[in-house]
Amino acid sequence: MGNRLEGKVAIVTGGGSGIGEAICKKFAKEGAKVVVAGFSEDPVEEVTREIQEEGGTAIPFTGDLSLLANAQGCVELAVKQYGKLDILINNAGTFPETNLLSDFSEEAFDYLLKNNIRTAFVMSKAALPELQKTKGNIICAGSESGALGIAQNAPYGGTKGFMHAFAKGLAAEQAQKGVRCNVVAPGPIDTGWTHKETGPMDEQMEQMVTQGTLMGRRGTPEEVANAYLFVASDEASYVTGAIFPVDGGTLIAKGPAGDMAAQNMKQQPKGELSLQHSKDSHTSVRK
Ligand SMILES: NC(=O)c1ccc[n+]([C@@H]2O[C@H](COP(=O)([O-])OP(=O)(O)OC[C@H]3O[C@@H](n4cnc5c(N)ncnc54)[C@H](O)[C@@H]3O)[C@@H](O)[C@H]2O)c1
């Protein structure tokens with residue numbers, strides 16, 4: 001156990017799977033009290049139990065976090081249970097479809113807006129009064145695709161571009177109230193989304209995204225959580241309005257650069273977390 005978030009209370013949206021699970025477990029290991037928030041179908045209860053079994057402090061919250069009433073309920077739970085809120089991680093997101101725009105369904109587009117954008121809007125709105133009291137911070141999940149766009153998923157890249165600008169806007173206005181706001185922008189990460197067996201990427205797309213990194217591989221959820229930890233902690237006290245890439249060099253890679261990566265670069269680190277739900281992402285439209 002470390003102490004880099006000792007005494008802090010954090011809400012992590014989308015905390016039941018993928019990167020969110022790693023953030024919850026990393027934060028709890030560093031002393032934070034965590035609200036693991038997600039859809040009722042997500043393994044939020046399991047993640048909570050696993051944290052408690054490891055000696056950490058966590059409670060679950062389930063509900064559709066794109067609805068203001070649920071967002072308010074989640075913040076109220078954190079304050080009722082732990083007395084305050086220091087950190088909001090707007091990590092919830094979806095990746096329901098890959099298609100050229102001519103074939104991209106309106107249903108998937110609306111689903112992306114609701115889950116990738118609306119969640120961050122209502123959660124931030126609900127959390128800010130509490131974050132202003134603690135002089136806390138918000139981190140939004142961006143993406144290299146929020147800067148570069150992504151073929152066969154232009155709408156998804158658009159939602160991440162929104163997150164980058166939204167977080168900068170919040171940073172600019174909330175400095176007056178003592179609240180920092182930043183973005184962590186992952187590249188292709190080893191969750192359900194980036195495998196043809198568990199998500200909407202086909203074999204060609206799967207190969208393209210890893211070749212498009214300088215390291216020739218997916219990042220691990222824990223490697224992303226490590227960046228969230230720094231940005232959320234008081235160590236990042238002079239960091240606001242920043243976009244923090246954790247993308248294996250995707251932003252500067254040209255062509256299939258990953259094919260030339262050294263072996264050590266291609267090797268995923270083992271990490272310290274026990275992650276049981278890395279691939280439990282849901283990657284279709286839930287009705
Ligand atoms: N996996 C990647 O390669 C990658 C790359 C760049 C950015 N990201 C971003 O990281 C975040 C996490 O991605 P992941 O790969 O871990 O995916 P994931 O599907 O494993 O996790 C996202 C979680 O958010 C939950 N969620 C979505 N909408 C919700 C809502 N309205 N209410 C409650 N819960 C909701 C999902 O059910 C899921 O558990 C996303 O915002 C994503 O855009 C991921």
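**Close-up views of the predicted model**

View 1. Helices (H or I, at least four residues) and strands (E, at least two) are DSSP runs, numbered from the N terminus. Along its principal axes, the C-alpha trace spans about 50 × 40 × 35 Å. Residue numbers start from 1 along each chain as its sequence is written. Keep in mind that this is a predicted model: local features need pLDDT of at least 70, side-chain atom pairs count only at pLDDT 80 or more, and totals for chains, interfaces and linings use all residues.

**View 2. Here is the open sheet of 7 strands, with parallel pairing.** Reading across, the order is β3-β2-β1-β4-β5-β6-β7. Strands count as paired if DSSP finds at least two bridges between them. At the edges sit β3 (57–62) and β7 (243–246), each pairing on one side only. From one strand to the next, the twist averages 20 degrees.

**View 3. Zooming in, β6 (residues 180–186) and β7 pair in the parallel sense over 4 bridges.** Look for valine 183, whose bridge partner in β7 is isoleucine 243.

**View 4. Helix α3 (residues 68–82) lies across β1 (9–13), β2 (33–38) and β3.** The helix runs at about 155 degrees to β2. Axes are lines fitted to C-alpha atoms, for helices over the stretch in contact, and angles run from 0 to 180 degrees between N-to-C directions.

**View 5. α3 packs with α4 at an angle of about 35 degrees, their axes 8 Å apart.** On the α3 side, the contact (C-beta atoms, placed from the backbone, within 7 Å) includes Leu68, Val75 and Val79, and on the α4 side Val122, Met123 and Glu130 are among the residues. By class, the contact has 8 nonpolar, 1 polar and 2 charged residues. Ala, Val, Leu, Ile, Met, Phe, Trp, Tyr, Cys and Pro count as nonpolar, Asp, Glu, Lys and Arg as charged, and the others, Gly among them, as polar.

**View 6. Of the 30 residues around the ligand, Gly14, Gly18, Gly93, Thr191 and Ser281 come nearest.** A residue is near if its C-beta atom, placed from the backbone, lies within 6 Å. α1 (18–29) and α4 (106–134) are the elements that give two or more residues to this shell, and α1 gives the most, with 3. By class, the shell has 9 nonpolar, 19 polar and 2 charged residues.

Terms used. Contact = placed C-beta atoms within 7 Å.
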